[in-house]
Amino acid sequence: MLFDTHAHYDDKRFDEDRDALLSSMPANNVGLILNPGCDVDSSRKAVSYARKYPFVYAAVGIHPENIDENWENDLGRIRELAQTEPKVRAIGEIGLDYYWEKDERARARQQVVFARQMELARELGKPVIVHDRDAHGDCMEITRRYPGVTGVYHCYAGSVELARELLKLGYYLSFTGVITFKNARRAIEVIREAPIDRLMVETDAPYMAPEPYRGRRNSSLYVHRMAETIAEVKGMDAAEVERITTENGKRLFGIS
């Protein structure tokens, strides 16, 4: 069974068939799914899916693109969900995103909110799910401040050198359908070097569908393509990669 460690079923693109799609997953070799929140509303929805489906788990957090003037109040609600809901297994999706944000004051606020959520993870003893887009240096600077916190850098897009440091800090690296694209050379280099017991697979659904489904709405039905690609890169059997990456995800998120 596969573990899709990052999928956003709260997205409106699943409104028409969410229940039917999620209900079909065990029959399609997807045994576990983790749905991270990106704000209070999506975090609550993630919790609701975790309550409904035995194989779905949740993470709660404030994504860097969803920070507003009420973020401190929102963080209080995130804390409450993380403390009271047993199937909340991580703080996330949190981190930094400089791709769209060019204003230095806004970037500084992202850093503050990221750090506060790292503090929350440390306090509650939960792993983090880190979003790092065009912000590698600042993400690492904040990550290093919290040596007691571990987690996963999802949709990993950094260098081999950055991956080495994250692995030393105890982090996992997770990969989306991007690794199936022809221009994914850097990600392939990281996969080739990183130990298999620190890799995970994800869809980031509904985004970034892998080949040969590129351009479609992504879902956990396609997560097998990431396991197959990792197997090709590492010269392993796909079933073995499936087993190991699932165990990695269960270990990180405390799922027995």
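These legends describe close-up views of a predicted model. Local features need pLDDT of at least 70 and side-chain atom pairs count only at pLDDT 80 or more, while totals for chains, interfaces and linings use all residues. Residues are numbered from 1 along each chain as its sequence is written, and side-chain values use heavy atoms, with hydrogens and water left out.

View 1. H3 spans residues 71-84, 14 residues in total. Helices (H or I, at least four residues) and strands (E, at least two) are DSSP runs, numbered from the N terminus. From first C-alpha to last, H3 reaches 20 Å, close to the 20 Å expected at 1.5 Å a residue; the expected span is 1.5 Å times one less than the number of residues. Its buried residues are Trp71, Asp74, Leu75, Ile78, Leu81 and Ala82. They cover an arc of only 120° around the axis, so they sit on the same side of H3. The arc is that of the directions from the helix axis to the C-beta atoms. Buried means under 20% relative accessible area, exposed over 50%, partly exposed in between (1.4 Å probe, protein chains only). The cover over these residues includes helix H2 (40-52), strand E3 (56-60), strand E4 (88-97) and helix H4 (104-124).

**View 2. The packing of helices H6 and H7.** H6 (residues 160-168) and H7 (residues 185-193) pack at an angle of about 40°, with axes 9 Å apart. Axes are lines fitted to C-alpha atoms, for helices over the stretch in contact, and angles run from 0 to 180 degrees between N-to-C directions. The pair is therefore oblique. Angles under 35 degrees count as roughly parallel, over 145 as roughly antiparallel, 65 to 115 as roughly perpendicular and the rest as oblique. Val160, Ala163 and Arg164 of H6 meet Glu189, Val190 and Glu193 of H7; contact means heavy atoms within 4.5 Å.

**View 3. The loop between E8 and H8.** This loop joins strand E8 (199-201) to helix H8 (224-234) and holds Pro206. A cis peptide bond links Ala205 to Pro206, with omega about 10°. Pro212 is in the loop as well. The bond between Glu211 and Pro212 is also cis, with omega about 5°. Met208 lies in this loop too. Its phi is positive, about 55°, although Met208 is not a glycine. Met208 is partly exposed, at 29% relative accessibility.

**View 4. Asp134 in its loop.** Asp134 lies between strand E5 (128-133) and helix H5 (136-144). Its phi is near 55°, a positive value in a residue other than glycine. Asp134 is partly exposed, with a relative accessible area of 48%. Most residues other than glycine have a negative phi.
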